[in-house]
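This report describes the packing of selected helices and residues. The sequence and structure are shown below.

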Amino acid sequence: MIRPTLSIRKVPAHEIELFDPPPDATYTIEATAHLVDVPRRTIMVYCKHRLLSPALTEHGYYFDRQGIRALRRIEALRPICGDDLAGIKIILDLTDALERLHWKVLSLSRTSAPASEKKQPRARNDSSRKTKAKLSPRRKKK
């Protein structure tokens with residue numbers, strides 16, 4: 001009897017891409033809920049706990065690119081942290097601080113790279129001359 005073989009092809013993770021909104025786009029809370037696949041009520045809870053800071057107008061809440069990214073981060077942390085929204089807030093704040101420091105270090109390393117590539121002259125070591133002078137006595141002139 002011949003058994004059919006099934007081949008399961010692994011799909012690299014980089015082939016799955018999420019929609020990344022344009023930098024200048026803003027979305028209503030309903031559109032944001034649809035984009036991230038999170039209930040509107042859950043988004044409101046996140047806003048209440050200050051995990052998200054949407055723009056508030058007379059027409060409601062609006063989320064920009066950063067808000068959608070933050071919502072995705074929150075949803076990625078939920079399986080790990082559960083309902084500990086304070087813990088999620090701490091992680092998000094630390095992650096933001098780490099990213100700011102990372103970009104600062106990169107910008108500093110770019111501006112100081114040409115100066116560090118220059119060869120600096122070697123400093124003279126006077127202490128080695130003194131020890132040599134002590135070992136070889138000087139002759140006095142007559």
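## The end of helix H1

Helix H1 is followed by aspartate 37, whose phi is positive, near 60 degrees. Helices (H or I, at least four residues) and strands (E, at least two) are DSSP runs, numbered from the N terminus.

## Basis of the model

This is a predicted model, in which local features need pLDDT of at least 70 and side-chain atom pairs count only at pLDDT 80 or more, while totals for chains, interfaces and linings use all residues. Residues are numbered from 1 along each chain as its sequence is written, and side-chain values use heavy atoms, with hydrogens and water left out.

## The buried side of H1

Helix H1 spans residues 29–36, and Ile29, Thr32, Ala33 and Val36 in this helix are buried (under 20% relative accessible area, with exposed meaning over 50% and partly exposed in between; 1.4 Å probe, protein chains only). These residues lie on the same side of H1 because they cover an arc of only 100 degrees around the axis; the arc is that of the directions from the helix axis to the C-beta atoms.

The buried residues of H1 pack against strand E1 (27–28), helix H2 (40–48), strand E3 (60–63) and helix H3 (65–81). Contact here means heavy atoms within 4.5 Å.

## Threonine 32

Threonine 32, in helix H1, is buried with a relative accessible area of 0%. A polar atom of its side chain lies 2.8 Å from the backbone oxygen of threonine 28. Not counting residues up to four places away in sequence, threonine 32 touches Tyr27, Ile43, Phe63, Ile68 and Leu71.

## The contact of H2 with H3

Helices H2 and H3 pack at an angle of about 95 degrees, and their axes are 12 Å apart. Axes are lines fitted to C-alpha atoms, for helices over the stretch in contact, and angles run from 0 to 180 degrees between N-to-C directions. The angle makes H2 roughly perpendicular to H3 (65 to 115 degrees; under 35 counts as roughly parallel, over 145 as roughly antiparallel and the rest as oblique).

From H2, Thr42, Ile43 and Tyr46 meet Leu71, Ile74, Glu75 and Arg78 of H3. The residues of this contact divide into four nonpolar, one polar and two charged. Ala, Val, Leu, Ile, Met, Phe, Trp, Tyr, Cys and Pro count as nonpolar, Asp, Glu, Lys and Arg as charged, and the others, Gly among them, as polar.

## Leucine 52

Leucine 52 lies in the loop between H2 and strand E2 (55–57) and is buried, with a relative accessible area of 4%. Leaving aside neighbours within four places in sequence, its contacts include Ile43, Tyr46, Phe63 and Leu71. The C-alpha atoms of leucine 52 and leucine 71 are separated by 7.1 Å, although the two residues are 19 residues apart along the chain.

Terms used: A polar contact is a pair of N or O atoms within 3.5 Å; within protein, one must be able to donate a hydrogen and the other to accept it, and residues adjacent in sequence count only if both atoms are side-chain atoms.
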